Structure formats: structure tokens, C-alpha cells
Amino acid sequence: MCEMCDGTTPEQFVAEIVGEVESAGWSIVAVEDDEGRHVDTYTVGLTRVHGHPELIVSGGGFHTAHHVLDELAAMVSAGRRFEAGELLGRAELGRECLMVQVVEPSRLVMAQAVYAMPGAPSVPALQVVWADKAGRWPWELCREHTGGQEVYGPPPARR
């Protein structure tokens with residue numbers, strides 16, 4: 001459910017995120033489209049607190065995306081660093097995932113609102129892209145079969 005649709009002001013929402021970052025080291029924000037469908041889920045706080053790019057998941061169910069980001073953020077908090085092009089195996093997250101550099105990190109609106117400095121570059125982000133059960137990536141499928149994942153950066157060179 002969209003908090004701001006329910007009357008939370010943008011200032012209150014930002015304050016809530018800042019409070020979560022201060023207590024846990026990161027916060028997770030879910031984005032819905034105009035029809036209330038889950039679109040993206042991303043972290044806020046990894047860049048400033050842990051010196052790591054924010055992480056974003058496109059599509060998928062909210063609870064799954066939230067769980068995956070919590071697991072990855074906990075790894076970052078413990079010192080793990082992810083890089084664009086890095087492949088995570090099924091043993092780590094239950095499915096193959098690939099880190100993709102986000103070309104337009106401004107799409108992480110709340111991360112930018114909380115931590116961006118005037119004149120500074122956007123807070124960086126990596127997208128967690130997953131393969132389907134057959135091991136195919138979204139860029140290998142037609143648009144109707146991507147599993148709801150929009151990819152926000154360039155797919156890797158032939159793997």
C-alpha cells in the first residue's frame with residue numbers, strides 16, 4: 001500500500017526512511033505504478049552508510065524483492081561488495097542473479113531525495129537481475145516473457 005497515497009507527506013516519508021537508515025543501516029522502498037501494481041523495490045542508505053551503491057529489483061513480488069534486498073543489504077553491511085557484471089549463484093539467493101549497473105539512478109527517487117547533495121552526481125545503483133527457471137535472462141526473452149523485469153542498464157556482453 002502506498003503510504004503517500006494514504007496521506008503521508010513526502011517530508012514524513014523521507015523522515016521515516018532516514019530513521020530506518022539510522023537504526024538498521026538501510027531502508028527499503030517499494031514503488032507502485034498508477035494502478036497500484038508493484039514496479040520496483042530498492043534500498044536507501046547503502047551508499048552513505050556503507051559506501052556501496054544502492055540496490056534495485058524490478059518487478060517480481062514485493063515480498064520476494066524485499067527479502068532479496070534485505071539479504072543483500074545485510075551482506076553489504078557485513079563487508080561484502082558487489083560489482084556490475086557479478087553473477088550470484090543459486091546457493092546465495094535461491095536463483096541466479098546478475099548485478100547490472102543502473103544507467104539512470106535518478107529512478108531511485110527516495111534515495112536521491114534522502115542523500116543527494118546539490119551539484120553532486122546521483123547516488124549510484126546496481127540492479128539485481130534474475131534468470132528464469134530455465135536460466136534465461138530478460139534480454140534473452142521477448143518483452144511479454146521477461147517476468148516483469150525491466151532492465152535499467154546495459155546487459156553484459158555475451159555470457
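Predicted model: local features only at pLDDT ≥ 70, side-chain atom pairs only at ≥ 80, totals over all residues.
How many bridges join β2 to strand β3, and do the two run parallel or antiparallel? Three bridges join β2 to β3 (residues 54-58), and the strands are antiparallel.

On to the neighbouring pair. Strand β1 is connected to β2 by six bridges, again in an antiparallel arrangement. I28 has T43 in β2 as its bridge partner. Together β1 and β2 make a hairpin with five residues between them, and G36 in that turn has a positive phi of about 85 degrees.

| Strand pair | Residue ranges | Bridges |
|---|---|---|
| β1 and β2 | residues 27-32 and residues 38-44 | six |
| β2 and β3 | β3: residues 54-58 | three |

Both pairings belong to an open sheet of six strands, ordered β1-β2-β3-β6-β5-β4 with mixed pairing. The edge strands are β1 and β4 (87-88), each of which pairs on one side only.

Now for the helices. Helix α1 lies across β1 and β2, and runs at about 145 degrees to β1. Helix α3 (residues 62-77) lies across β1, β2, β3, β4, β5 (97-101) and β6 (125-130), with an angle of about 20 degrees to β2.

Finally, a look at one residue of α1. E22 sits in this helix, which spans residues 10-24. Is E22 buried or exposed? With a relative accessible area of 66%, E22 is exposed, because the cut-off for exposed is over 50%. The C-alpha atoms of E22 and V49 are 8.7 Å apart, with 27 residues separating the two along the chain.

Note on methods. Residues numbered from 1 in each chain as written. Heavy atoms only, no water. Helix = DSSP H or I, 4+ residues; strand = E, 2+ residues; numbered from the N terminus. Buried < 20%, exposed > 50% of the residue type's maximum accessible area, 1.4 Å probe, protein only. Pairing = 2+ DSSP bridges. Contact = heavy atoms within 4.5 Å. Axes fitted to C-alpha atoms, helices over the stretch in contact; angles between N-to-C directions.
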